[in-house]
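The entries follow the order in which I checked things.

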Amino acid sequence: MDGEHQNAFTWQPTRAVGLQRLQDFLPHAAQTYARLRNYDGRHASAVSCLSPWVRHRLITEQEILQQVLSSWPLQNSEKFVQEVFWRGYFKGWLQHHPTVWSTYHEALPDLIDRHGSSGDYRNAVEGRTGIDCFDHWARELVETGYMHNHARMWFASIWIFTLRLPWQLGADFFLRHLMDGDPASNTLSWRWVGGLHTKGKTYLARADNIAEFTDGRFNPAGQLSEEAPALEEGCEHPRLTGLSLGDPLPATPFLLLLTEDDLEFAASLSSPPADILVLGAAERGSPLATGRVAQTFRNAALSDAALRWADDQSPSLSSEHDIVSRAQSLGVRDVVTSFAPVGPNADRLANLRQALSREGITLHFVQQTYDAAIWPHGSKGFFALKKKIPQLLEQLKIP
Ligand SMILES: Cc1cc2nc3c(=O)[nH]c(=O)nc-3n(C[C@H](O)[C@H](O)[C@H](O)COP(=O)(O)OP(=O)(O)OC[C@H]3O[C@@H](n4cnc5c(N)ncnc54)[C@H](O)[C@@H]3O)c2cc1C
C-alpha cells in the first residue's frame, strides 16, 4: 500500500467513508486496476477495497458503476466494471440454485463436529500450518476482516488441495471473519476453486505465482499440492429454480424496514414511507461465532443507516416487536423491505413475514431495479452475463 493511500484509508463503516473511498479510487479504476489488481499487499492503490461497504449496500453497485463510467469509458474500465458485475452474477446464480446454500448450511454442524477440534483444522484457522503465506493470510483475515482477492483464491486452493480440509469449513471461516462476508460471493467462490461451480475446472495455487504477485514476500516452493482434482458434489447436482419476482410497492402508506443486505434501499423508493426502521443483524449462517472485526463492521454499518434514515439522534436497531408496535402506532398494515438475496437474512425475513401476518401486517419484498436486471442473467456461467454488460448498463441508464 503506498504511503499516501495508507494514511488516508480507513475501514469505518459509514456511507460517507465508503463514498470518499470510491472518490479516491476513481483515478485508479482503469489501467492501474487492470495492471495491478492481482498483486496482494498493495491494496489501496491496486484494488478498491470497497467490498465491505457494497456488501451491505452502504454504497450501491449502481453508484460505483455510475461514478466509474462517468470518469472512464467502458473500454478502459472494463476489468473493474466486470468485477462489480461478478457480485450480482453470484447473487443471481444462488437465487437460481438456492439448494446450494441450504445444503452447505445444513452440512456445517456435522462437519464442525467431525473436524472442529482436529489439529489440521485448528492449525489452518490459527495460522500454524508452517506454510508462511497461508498462515499470514489466516491471521490477517482474523485481525483485519479483509483479504485480497488473489490471496482468497490461493488460500482456498491450499485449504482444499494441500491441506485437504472440507471446502465448507474454509467457506465458514471466511464468512465469519470477512467484513464483506457474503453468502453468494463466498460460497460460490469456494465452490469455483474446488471445481464445483464450473464443473471440473479447479484453481491450483502455484508457488511461483504466489511469489510473483506478492512481490516476493512469500514463496512456498515445494510445500503446495501440484494437482487439483475436482471435488465431487456430495449430494444431488444443484437444481435450477425459477426466480421469484418481488412484490410491487403498496399503494397504501407503509413502514420501511432496512436490513443488512441493503442499507440504501430507502433512496430507491418512488414513494416515501411513513417511517423507517433498521432491523438488527441476522445470524451469520454458522454454528460458530462471528469474528470480532466483521461483527463490529456490520453492527456499525446498521447504526450508520439508522442514524441517517431515522429521525432521532440516538437510534436503536429494531426487533420484530418494535415493527409491530410502530406499525400499530402509525396505523399502517403494510411493511416494505428490500427483496433479500438467498442467505440468513432472507431466511429470517421469511419467518418475520409469517409472524407479522399473524398480527394482520403484510411484509412486502420489493426488488431493487439493479437486482431485477442482473439476477435473471445469473442462471449459467459468468460469460453469458459478461456479454450483456453494455446492454445492462444501457437498461440501467448508467452512466
Ligand atoms: C474464496 C473466495 C471467497 C470470497 N468471498 C467473498 C465474500 O464473502 N464477499 C465478497 O464480497 N467477496 C468475496 N470474494 C470475492 C472478492 O475476493 C472480493 O469481493 C474482493 O476481494 C473485494 O475486494 P475489493 O473491494 O478490493 O475488490 P475490487 O477488486 O476492487 O473489486 C471491486 C468490487 O467488485 C466486486 N468483486 C470483485 N471481485 C469479485 C469476485 N471475485 N466475486 C464477487 N464480487 C467481486 C466487489 O463488490 C468489489 O468491491 C471471494 C473470493 C474468493 C476467491
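Below are my notes on the ligand site, then on the backbone.

**Entry: the model.** I am working with a predicted model. I use the sequence numbering, which starts from 1 along each chain.

**Entry: where the ligand sits.** I looked up the pocket first. The ligand sits in the largest pocket. I then checked the domains. Domain 1 (3–95 + 375–395) and domain 2 (98–213) both contribute residues to the shell, so the ligand lies between them.

**Entry: the shell.** I listed 26 residues around the ligand. Tyr-33, Ser-48, Cys-49, Arg-87 and Asn-149 come nearest. By type, the shell divides into 14 nonpolar, seven polar and five charged residues.

**Entry: helices in the shell.** Which helix gives the most to the shell? I found that H7 does, with six residues. H7 spans 74–96.

Entry: Tyr-146 has a polar side-chain atom 2.8 Å from a ligand oxygen atom. For Asn-186, a polar side-chain atom lies 3.2 Å from a nitrogen atom of the ligand. Asp-180 uses its backbone instead: an N or O atom there lies 2.8 Å from a ligand nitrogen atom. Next I looked at burial. Taken alone, the ligand exposes 820 Å². The protein buries 96% of that.

**Entry: Cys-49 again.** I came back to this residue for its backbone. Cys-49 is among the residues that come nearest to the ligand. I placed Cys-49 in the loop between helix H4 (43–46) and helix H5 (51–55). Its phi is positive, about 60°, although Cys-49 is not a glycine. I flagged this because most residues other than glycine have a negative phi.

**Entry: a cis peptide.** Where is the cis bond? I found it from Ile-398 to Pro-399, with omega near -5°. Pro-399 is in the segment after helix H20 (389–395). I flagged this one too, because most peptide bonds are trans.

Key:
Predicted model: local features only at pLDDT ≥ 70, side-chain atom pairs only at ≥ 80, totals over all residues. Heavy atoms only, no water. Near = heavy atom within 4 Å. Polar contact = N/O pair within 3.5 Å; in protein donor to acceptor, adjacent residues only side chain to side chain. Areas by Shrake-Rupley, 256 points an atom, 1.4 Å probe, with all protein chains shown as cover. 1 Å grid on protein atoms, 1.4 Å probe; cavity = no way out; pocket = protein on both sides within 12 Å on 5 of 7 lines; lining within 4 Å. Sits in = over half its atoms within 2 Å of the grid points. Helix = DSSP H or I, 4+ residues; strand = E, 2+ residues; numbered from the N terminus. Nonpolar A, V, L, I, M, F, W, Y, C, P; charged D, E, K, R; others polar. Domains from an automatic or database assignment.
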